[in-house]
Amino acid sequence: MRDELDKMHEECGVMGIFNGDSVVRNLAMGLYALQHRGQESAGIAVTDGEKVRVSKSMGLVANLANSGKLDNIAENGFAAIGHVRYSSTGSRTLANAQPMLVSCKWGYLAVAQNGNIINAQELRAEMESNGHIFQSTSDSEILLHEISRTKADNLPDAIRIAVKKFKGSFCLLFLTNDSMYVVRDGFGYRPLCFGKKNDSWALASESCAFDLLGVDYVRDIQPGEFLSISKDGVRSEQLIKKDRKAFCIFEFVYFARPDSKIFEQSADKIRRKMGKKLAEESPVDADIVIPCPDSSTTAAIGYSQASGIRFEIGLLRNHYVGRTFIDPSQNVREQKVKLKFNTISGVLKDKKVCLVDDSIVRGTTLKIICKMLREAGAREVHVRIASPPVRFPCSFGMDFPTPGELVANALEPKEVAKLLGVESLGYLSVDGMRECTGSPDDFCGACFDGIYPENGEA
């Protein structure tokens with residue numbers, strides 16, 4: 001069962017540490033903090049200066065940590081990169097797990113990627129026609145092939161040449177015997193933070209990974225930046241130039257942990273603003289405001305603060321549900337939802353309830369939740385969504401349904417409300433959402449407004 005049932009999913013999270021003691025242990029700890037970004041596989045690549053070793057497993061970081069595999073690669077390691085994966089492209093197999101490690105003319109090379117290279121299949125087809133052999137369906141392997149076939153005299157130049165051929169979103173961490181290289185796409189779709197602790201440098205998709213390790217956040221890796229890290233220090237250059245930024249606004253809506261700093265802003269602060277703006281744009285006559293846990297809690301607090309309606313916990317989420325106990329003779333989706341969520345009838349009985357959620361994708365899960373609120377005694381149910389209607393597809397790193405599966409693409413808000421069986425439904429406006437970021441023009445909201453940066457080209 002996918003963790004969020006009806007939600008969209010981010011492809012993965014990456015982390016790197018250069019220099020310091022216990023780098024494998026510390027990297028594993030950081031990946032625990034990024035676990036929300038991917039639960040299908042986890043992996044770590046580490047170098048001792050002579051050889052790069054990698055260990056990967058399907059499932060959670062805990063599976064990798066408890067397998068004993070990390071003990072085999074940890075000795076004398078001074079730099080490492082790690083990855084947690086949720087597949088938006090490529091099948092769910094260990095062959096697609098990252099980091100990916102190869103041996104090429106410049107020695108060992110491992111890569112961990114967050115994002116989605118949208119012209120990867122075009123490049124793969126061309127490579128296969130020229131005799132290239134692939135062992136996975138991941139676009140990261142295509143990237144490694146592209147690097148290896150350049151005519152560059154050295155690896156940094158090969159990376160510079162190769163990444164300029166790719167369209168889409170990518171935050172890339174490369175590890176060699178003695179160096180680490182970092183590249184972010186020119187639009188900066190996905191977040192990537194840079195931090196420091198004593199003589200160690202760290203990189204992570206979100207700053208929450210730094211907090212666990214006592215790493216000080218320094219700054220974001222800039223869109224299009226190329227970073228080289230070695231014993232000689234850190235060198236930065238602007239490799240890819242675009243005329244605008246296009247940070248994924250869905251990171252603030254849903255993906256990022258609220259305690260993270262991404263795109264140089266607090267996710268918690270932005271979500272509260274979105275909740276407050278939603279209350280301003282779409283008020284409701286209700287007795288209580290409840291979130292659809294856990295990703296909507298912060299927005300619901302903001303809605304409560306701005307509206308003056310009391311905040312309550314009316315739904316509880318079970319974090320320990322696996323794929324078992326599903327009876328195929330019953331309504332499978334309803335069973336999944338009821339295993340994941342439960343109502344608190346004492347809070348809901350005879351109340352006019354305002355349920356705040358972060359987004360609606362298909363609407364099937366939310367429909368069951370609203371039914372559960374009714375069964376628990378809610379007198380009225382009003383749904384408020386802390387983002388605009390999701391109407392358009394995304395190819396920049398989200399596991400996204402087809403347009404025909406997006407409920408807002410087919411139905412108007414009143415029709416969606418009828419589908420959900422609720423008294424009213426209100427969305428945050430596109431302008432209101434962008435206003436909450438403080439820099440409206442720096443964000444990609446194509447899944448809401450259909451406006452793609454450079455027509456979807458990176």
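Predicted model: local features only at pLDDT ≥ 70, side-chain atom pairs only at ≥ 80, totals over all residues.

Visitor: How many helices and strands does the protein have?

Guide: There are 17 helices and 26 strands.

Visitor: And what does the C-alpha trace span along its principal axes?

Guide: About 70 × 45 × 45 Å.

Visitor: What radius of gyration would a compact globule with 458 residues have, and what does the protein have?

Guide: A compact globule of 458 residues would come out near 23 Å, and the protein has 23 Å, so the two agree.

Visitor: What share of the residues count as buried?

Guide: 57% of the 458 residues.

Visitor: Let's zoom in on α1. Which of its residues are buried?

Guide: Helix α1 covers residues 23-33, and its buried residues are V23, V24, L27, A28, G30, L31 and A33. As background, an α-helix has 3.6 residues a turn, so residues three or four places apart point the same way.

Visitor: Switching topic: how do α5 and α6 cross?

Guide: The axes of α5 (residues 139-148) and α6 (residues 155-163) come within 8 Å and cross at roughly 120°. That angle makes α5 oblique to α6. The crossing is right-handed.

Visitor: Which residues make the contact?

Guide: From α5 you have L143, E146 and I147, and from α6 it's L155, A158, I159, A162 and V163. By class, the contact of α5 with α6 has 7 nonpolar residues, no polar ones and 1 charged.

Visitor: Okay, now α11 and α13. What's the angle there, and how far apart are the axes?

Guide: Helix α11 (residues 332-340) packs against α13 (residues 364-375) at about 65°, with the axes 10 Å apart.

Visitor: Is that crossing left-handed or right-handed?

Guide: The crossing of α11 and α13 is right-handed.

Visitor: Which residues meet in that pair?

Guide: On the α11 side, R333, E334, V337 and K338. They meet T364, T365, I368, I369, K371, M372 and E375 in α13.

Visitor: How do those divide by class?

Guide: The contact of α11 with α13 has 4 nonpolar, 2 polar and 5 charged residues.

Technical notes
Residues numbered from 1 in each chain as written. Heavy atoms only, no water. Axes fitted to C-alpha atoms, helices over the stretch in contact; angles between N-to-C directions. Helix = DSSP H or I, 4+ residues; strand = E, 2+ residues; numbered from the N terminus. Parallel < 35°, antiparallel > 145°, perpendicular 65-115°, else oblique. Left-handed = near helix turned anticlockwise from the far one by under 90°. Contact = heavy atoms within 4.5 Å. Nonpolar A, V, L, I, M, F, W, Y, C, P; charged D, E, K, R; others polar. Rg over C-alpha atoms; globule rule 2.2 N^0.38 Å. Buried < 20%, exposed > 50% of the residue type's maximum accessible area, 1.4 Å probe, protein only.
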